[in-house]
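Good morning. Please look at the structure on the screen, and I will go through it one part at a time.

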Amino acid sequence: MPVSKKQKVDTTVTVTTKKQVVESAEKPHKQSKESKEIKATTTPNTTKKQTTTTTTTTTTTKESVKQPIIKAPNSSKVHHCSFSSWLPKSITSISYNQENNLIAVSRQESPIEIWIKNDQELILLKTLGGSKFDLPIISVIWLNKTILLSTFENKFVIWDISSYSIIQELNSIGTVRGVSFNRLLNLLAVCTHDSNVRLYNFKKDDNQIEYQSSFPSISDSKINTIQWALDQKTILVGCQNQLVVFKVDSLRSSLTITTDNIVSLNSLNDNTVACGFTNGFISIIDIKFGSIIQDFRNLHAPVRSIQVNKNGDQFFASGDEATIVSYNKSNGNNKWAFSGQHRRDSHDIKCLEITNTHLISGGNSTQMIFYDLSNFSSLSNSSNASIPNYFRCKSLPLSNTIAITQPSSQNQILLIESSRYQINIWQLGSTNENNDNLDLPNGTHLNLSKKTKKLLQFESKNAENIDNVDISNNGEYFCFSTRLETKLYSIQKKQENSDNIIIKKIELPEEVQSSNISKFSKDSKSLLLAKNSDEIYQFNLESNQVNIVYKKDQNEDQDKNKIKNIILMKVDNNNNNLAVIDSMNQVLIYKINNKNNELPIKLPNLNSIPIELFFSTSSSLYIGTIDSILLFDTKSLKIKSSKKLQGNNKSVKFITENPNNSNELLIWTQNEQFKVNKDLSNEQQLSKAGSSFTEVIFASQSGIQGDLVLLDLSFIDKVLPKLPEAIKLKKFGGSN
């Protein structure tokens, strides 16, 4: 039955089909910690004022104007869920790769995110590493266009981004406090808690680092930060009570300046350095004569980061507060002057980074904020006063960490999701079958005859974070993969008519245990596993036998630098083809029953980066990229058509069938949805940013009627309340 207008509905609904209906939920008066994360669990039963409106063909509300109606004879349901256990963590470091336009972001619990910037949109390509036993990452630095260094307090880890694999892990000498890399000399300067500065040499031939030499220990002070000077021959070390200048040629200090507690610094030119202190002050210091030239008092908390633009005529600073300040150099007297500030963040800012066009900030709010460098001092773009000169990027989980079942009967849908090293299995709610025969208005909220229920909360014993998770369509198996291994479990009901389940581990054969990505076949009879694009296997769940889908000939060149890990796998509906995206952004198609070990089909250059795959039929593969969608025919081996997406959110996150029109697809971007014919013509925007289907982190179809399952992650409702309270500063007396 439709929900009464007096009932409170806790979820917002935007519909895309004529008779589409949606599960809804309301928080009961007494609610457990788990149920607070559920938005599709209980039947609304209070009399509070309804917070959302239901769309019909006759309503005239603002919501209804935005919601189109697709005429179709059949009805479908939308399971709009908001119970994701994954939450983003604080940002500790940001590093920009100019050659490949990549941004590396480290977070509090040790994973690294690799993003690519496309206009005013950031697309998450891969999450690297992460371990329950690792300390937080201090910094990430690009050593060259494909090699990334992540620094912990106790070790260094070097990643090859072309294969998303670890090249080297090296324990540090002492507890690391800060690092700085010199690309000209290929030297990594490292300061440690024992007041020592050491140099490590980066070897280009094997992309590894090794210890080279040390400077004399700094006495009577603890080191906080380190930075190479612009002359590439000098190292600046900020300590608790002094600034120390080291010369690389002599391995000796050339100058020591007594100061307050320095927590950040950056070189402005060959002779001056900007230093940030714990009291919020910023000083410009002459390192040639050891004198303080200027002082600024625009910040009030410890200054954690200082960044200088490419021209050297403007620098930015921020720290344990939400404000970023900028200073410009005067042309006449080379003096610096305060030029502007922004307070766009809600929490403390821990790091800043400079690109060619933007300043990037990150910190406790978990978001990256991009500021236009050309007019930082203005509140809006100079070319268009209505457009702000900044935009935000929210952290998202990868689609590999969420999956649903495809029940062939009226069984309830199961959803599996992972968060770092934890796995949850949910049984989605279902409605009364009699509702399917009613002529209900578009967007009607339905009562749940069976509530959503968490069936399993499982914590992996592996140290590494979970990168990939999947559940078989019949709901009898689930698997998960880390960067080192894959594990498989069976799911069984304790009793015939009970929802309670038990799981049992299935021991995989040794030859496939080290696979780092896995996917069930559509018929739930086998598990596809891959170690990289050169080794793919099929494990038969009935016979426990392993078949080789493809394995590179051992006689061929086995250069490890050419190994390409797989970041996404999709199986067609007939279990004939396996499509993958590898670390080099190539799309390959493998024949699953490949008895002759034939080479995979490599798609031609797409002129864009692929991030999503979808099989409509065995011969029709849709490829979603960062700005378009393409149709590839696996029989003719040709790209039949392509479509560029318009707007600010152009990267394809998910592709689904239109459940009420077999000739159409639904294209899901971050905050927008599109419908398009399967031949990629007649594109029509379904909803705009600000509709109910925003901040979607998962979209798929399930069930014999093609029900849509959506999972969103609202920053305001889910992320912001879990963040630490922002520090509020009050200043009495004095002036800036």
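Two notes on the source. This is a predicted model, in which local features need pLDDT of at least 70 and side-chain atom pairs count only at pLDDT 80 or more, while totals for chains, interfaces and linings use all residues. Residues are numbered from 1 along each chain as its sequence is written, and side-chain values use heavy atoms, with hydrogens and water left out.

Now the overall picture. The protein chain has 3 helices and 59 strands; these are DSSP runs numbered from the N terminus, with helices being H or I of at least four residues and strands E of at least two. The protein chain has 736 residues, and 58% of them count as buried. Buried means under 20% relative accessible area, exposed means over 50%, and partly exposed is in between, with a 1.4 Å probe and protein chains only. As for contacts, meaning heavy atoms within 4.5 Å, take those in the protein chain with a separation of 6 or more: residues 24 or more positions apart account for 50% of them.

Next, the inside. A nonpolar core is a set of buried Ala, Val, Leu, Ile, Met, Phe, Trp, Tyr and Cys residues joined through side-chain atoms within 4.5 Å. Which residues of the largest core touch the most other members? That core has 34 residues, and the ones in question are Ile112, Ile114, Leu148 and Ile161. Leaving aside residues up to four places away in sequence, Leu148 touches a list that includes Ala104, Val140, Trp142, Val157 and Trp159. Another core, of 28 residues, lies apart from the largest one, and Phe83, Ile697, Ala699 and Leu713 are among its residues.

On to charged pairs. Side chains of opposite charge can pair when their charged atoms come close. A salt bridge is counted when a side-chain nitrogen of Lys or Arg is within 4 Å of a carboxyl oxygen of Asp or Glu. By this rule there are 22 salt bridges.

One of them joins Arg107 and Glu113, with the closest N and O atoms 2.8 Å apart. Both Arg107 and Glu113 are buried.

Glu109 and Arg420 form another, at 3.2 Å from N to O. Glu109 sits in the loop between strands S4 and S5, and Arg420 in the loop between strands S32 and S33, so this pair ties together parts that are 311 residues apart in sequence.

Lys155 is in strand S9 and Asp134 in the loop between strands S6 and S7, 21 residues apart. Lys155 is buried at 14% relative accessible area, and Asp134 is partly exposed at 25%. Both also belong to a network of salt bridges that links Asp134, Lys155, Glu169 and Arg483.

Now a lysine with other partners. Lys570 is in strand S46, residues 566–571. Its side chain makes a polar contact with the side chain of Glu612, at 3.2 Å. A polar contact is a pair of N or O atoms within 3.5 Å; within protein, one must be able to donate a hydrogen and the other to accept it, and residues adjacent in sequence count only if both atoms are side-chain atoms. A polar atom of the Lys570 side chain also lies 3.0 Å from the backbone oxygen of Leu613.

Ser195 is in the loop between strands S12 and S13, and Asn575 is in the loop between S46 and S47. Ser195 counts as buried because its relative accessibility is 6%, and Asn575 is buried too, at 13%.
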